[in-house]
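Please read it with the sequence and the coordinates open.

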Amino acid sequence: MGLLTDGQPLSWDETKKLSNHVRKHGIIQFINLYKKLRDRQGDVLKWGDEVEYMIVKFDDEKKTAKISLRSREVLEKLNEKELADPKGVKSLWRPEFGAYMIEGTPGRPYGGLLAHFNVVEANMRYRRQEAMELLKPGEVIISFTNFPRLGCPDSTVPASIPTPNRGYQQSLFLADDVVYSGHPRFKTLATNIRQRRGEKVAINVPIYRDVNVPKPFKENLAEFGDDGKSQNVAKDDHIYMDAMAFGMGCCCLQVTFQASNIREARTLYDQLTPLCPIMLALSAASPIYRGYLSDTDCRWSIIGHSVDCRTPGERGLEPLKDNEIRIRTSRYSAIESYLSENGDKYNDIPLVYDEEVYNQLLDNGIDRLLAQHVAHLFIRDCVCLMSTQLNQNDETDTDHFENIQSTNWQSMRFKPPPPNSPIGWRVEFRPCDIQMTDFENAAIVCFIVLLSRVILSYNLNLLIPISKVEENMTRAQKRDAVNGEKFWFRKDIASDSKQGESVDDEYCELTVNEIINGKDGLFVGLIPLMNSYLNSMNVDADTHCTVQRYLKLIQKRASGELMTTAKWLRKQVTNHPDYKQDSIITQRINYDILKNVNDIQMGIKSCPELHGCCTTSKTTEKIPTAIANAEK
Ligand code: GSH
């Protein structure tokens, strides 16, 4: 992939001039790839998780927890093993946006055997330990969605000072040092997104209205060095943030599946889409931003705003200029169209796409649904271009296509096979906030993968109008959405549309509990269906036990018997002796929370409100050969 290509990044002015060049060749590359690989068949299920971590440093005397900007050093060490033995390593490590973030994946993808569910958690544990061995005294690795005091004074090690009038982000609150410096991609993205937009990004998250929060809640941003521009866009009663790192500095959990062919990949892409908001609500883990308790439980919209490179015209705030078109969403957003034939009739959002690209794709034999999906991705300008990437062989390279594709950060990603590789058509599931423990992350990953198997085996149909999924994404982020919200969901997932029934009769509003656990006479429930699938399979006892623990966790989160991480974090704040009911997260509160997070993820403390009483699974590092053979 062209994602982390070497070379010098071009300036925004140069990149802008070359954006059409990237698009023109990107499309030709996609067409060539499609023609070569559309009939590729028979790939087996393979899948893998991606976990993002942050490095935090505690000072137990001063009672502070700060982000440690050492991911470059740590990654260099972590990557040594892979360089020495690329095929043999048990984990792969990559940089992420934050200079305190690292991303770990299993060394090799998992396969279709059910017994693979039993090795996921052990591999996650291995990764965590592997990274921890490289830390300095006081440092820890945590899988945690947002560092609560990101952007507050004195919150990084080494200390860093924001530069509101210069640099990549020009933030009032965050120094550019928090952006990963080992590859120019990240700083270039931050610069070009800001320059394309014509101003800094603006993120406004509603503040949690506790009794001692001033009315209105309004900060004097001049105190941070604002020249008035930030004050103009900062909303009353909101936590204002002004840089890409506030969003892309958040950590998440992602899963990628390989499908057997392009058709199955399109089906999975569509069928997992209605699950995105449900999993977002269940995984909600980020209620705190820039030292304030917010009224939001998830990172999703915050990242959307943090990379919103649309001009005022494109956002509908000013008349359109030059060749601009109105664009509904940020380049980080929920998907706006389905891809499979079954999905077609549920595509009720007027999709904005590049007409010329669309026609070119149709002329090359690509069907309408796929053409509009790709032409939609290609409404975006390229926002990071390396000097070495300009001239490519469109027959064999795909960097220009990947350039646009990899900066469309949507809830689902449809991924063509890389050229000349054994990898097939894939889909990536991207909405989930990350959880603190390997147990929870493994539970979420196994739930999604298992559900994908059930969908394909039982030929389930979860589709509802895509506009309803989008509405669900908004609901999912609300405070305690699992217990307080209802979500649009298909009533009968076991059959396709009935004759004479209108699309609007096919769905209703259900709680997450009803969706996951079922509701008598109204909805069958996803876990009961998964259990009947499992009962029909030959599963070894250990895997069975592990999977049941994972499903129980999801069931109890859905029913409200167990808390979401977001709910638990809110309780940590509001019960803290220093908390003044003003929604402020002091250094000390931050320290105590992160200490607890670390103790819980390391198993030093148990947390029954989050996990229940039974958190030990039978996870093992390797599938025993006898079991692998038996399953085959
Ligand atoms: N941390 C993000 C989230 O919480 O959703 C996901 C990771 C992500 O999208 N990272 C950006 C990226 O381009 C970094 S700026 N990653 C590579 C990709 O999406 O292909």
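A polar side-chain atom of Tyr 332 is placed 2.6 Å from an oxygen atom of the ligand, a pair that falls under the definition of a polar contact used here, namely two N or O atoms within 3.5 Å, where within protein one must be able to donate a hydrogen and the other to accept it, and residues adjacent in sequence count only if both atoms are side-chain atoms. Taken alone the ligand exposes 500 Å², and the protein buries 94% of that; accessible areas come from the Shrake-Rupley method with a 1.4 Å probe, and for residues only the protein chains shown count as cover.

| Residue | Ligand atom | Distance |
|---|---|---|
| Glu 96 | nitrogen | 3.0 Å |
| Arg 299 | oxygen | 2.6 Å |
| Tyr 332 | oxygen | 2.6 Å |

This is a predicted model, in which local features need pLDDT of at least 70 and side-chain atom pairs count only at pLDDT 80 or more, while totals for chains, interfaces and linings use all residues. Residues are numbered from 1 along each chain as its sequence is written, and side-chain values use heavy atoms, with hydrogens and water left out.

The shell around the ligand holds 19 residues, of which Glu 52, Arg 185, Arg 299, Tyr 332 and Trp 409 are the closest; a residue is counted as near if one of its heavy atoms lies within 4 Å. By class, this shell divides into 11 nonpolar, 2 polar and 6 charged residues, where Ala, Val, Leu, Ile, Met, Phe, Trp, Tyr, Cys and Pro count as nonpolar, Asp, Glu, Lys and Arg as charged, and the others, Gly among them, as polar. Helix 4 (residues 184–197) gives the most to the shell, with 3 residues; helices (H or I, at least four residues) and strands (E, at least two) are DSSP runs numbered from the N terminus.

Which helix gives the largest share of the lining of the second largest cavity? Helix 4 does, again with 3 residues.

Helix 8 (residues 275–283) is mostly covered, with 9 of its 9 residues buried, and helix 7 (residues 262–272) is mostly covered with 8 of its 11 residues buried, among them Arg 266, Tyr 269 and Asp 270. At the start of helix 7, a side-chain oxygen of Asn 261 comes to within 3.2 Å of the backbone nitrogen of Arg 263.

Most residues other than glycine have a negative phi, and most peptide bonds are trans. Against that background, the peptide bond from Val 157 to Pro 158 is cis, with omega near -5°, and Pro 158 sits in the loop between strand 6 and helix 4. The bond from Lys 215 to Pro 216 is also cis, with omega near -10°, and Pro 216 is found in the loop between strand 7 (203–206) and helix 5 (229–233).

Positive phi values occur in Lys 63, near 60°, and in Ser 583, near 65°. Lys 63 lies in the loop between strand 1 (46–59) and strand 2 (64–68), and is partly exposed because its relative accessible area is 29%. Ser 583, in the loop between helix 19 (565–574) and helix 20 (587–601), is instead buried, with a relative accessible area of 0%.

Conventions:
Buried means under 20% relative accessible area, exposed over 50%, partly exposed in between (1.4 Å probe, protein chains only).
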